[in-house]
Amino acid sequence: MLNDLIPNFDDEIAQMHALAPSGWIMGFNLTYRGPEHLFNAYPDAWRKIYEDRNYFFGDPIAMWTMTHDGAARWSEVRIPDLRGVMSAAKKFRLNYGVAISRKVAGKRSFLTLSHPEREFTDDEIARCSAKFHLWTDMVLNRAALTTAELDVLRCFRDGQGQQETAALLGIAESTVKQRALKACAKLGAKSRTQAVAIAVARNYL
């Protein structure tokens, strides 16, 4: 499902693998049943132990993502590790890490990445945070498209041209063009046709 929502998904995933060689995980729209969308790239053996021992409810990093917005290195999280989750994780080379969390429209999403040898740099954290911010908008927030931008895409979907769209919406053609350009940028689309296709596939329209 995420590969339909995030443009160039395979390339994005490959970049995350390179950045977090000992594993990473991201989840969108967390509820009491778990995330609506989840991608888990931690080692299978660690995932099994984590699930079998029900570590989620004692994991200080998971707790941090549930109660904070922004980003923090694992070493900066001051929540007590009463169940020894972090020491158990080190057996799988999950030695350093960063947690990123964001709440959109009341929905919590998170990204955590790990590295076996070093802390993540400020630049890496900033780039990951920006990428995750974009992804949460794409997955949960209609790519942050405005109602006006969606109206333009809807007209294009229905076969209207730029001039017809302007007349139908009562705006200038230049405004139609600007809204279309903004929609393309937010959707990662190279053309209006692709933007409409993406918006339709994601049920934005």
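A salt bridge here is a side-chain nitrogen of Lys or Arg within 4 Å of a carboxyl oxygen of Asp or Glu. I am working on a predicted model, where local features need pLDDT of at least 70, side-chain atom pairs count only at pLDDT 80 or more, and totals for chains, interfaces and linings use all residues. Residues are numbered from 1 along each chain as its sequence is written, and side-chain values use heavy atoms, with hydrogens and water left out.

Entry one. I searched the whole structure and found 12 salt bridges.

Entry two. I looked up lysine 131 and found its side chain in a salt bridge with glutamate 12, at 2.8 Å from N to O. Lysine 131 sits in helix α6 (residues 122-140) and glutamate 12 in helix α2 (residues 9-19), 119 residues apart. Helices (H or I, at least four residues) and strands (E, at least two) are DSSP runs, numbered from the N terminus. I then checked accessibility: buried means under 20% relative accessible area, exposed over 50%, partly exposed in between (1.4 Å probe, protein chains only). Glutamate 12 is buried at 16%, while lysine 131 is partly exposed at 22%.

I turned to arginine 108, whose side chain meets that of aspartate 69 in a salt bridge (2.5 Å, N to O). Arginine 108 is in strand β5 (residues 107-115) and aspartate 69 in the loop between α4 (60-67) and β3 (70-73), so the pair ties together parts 39 residues apart in sequence. Arginine 108 is buried at 11%, but aspartate 69 is exposed at 54%.

I noted a network of salt bridges that links Arg73, Glu76 and Asp122.
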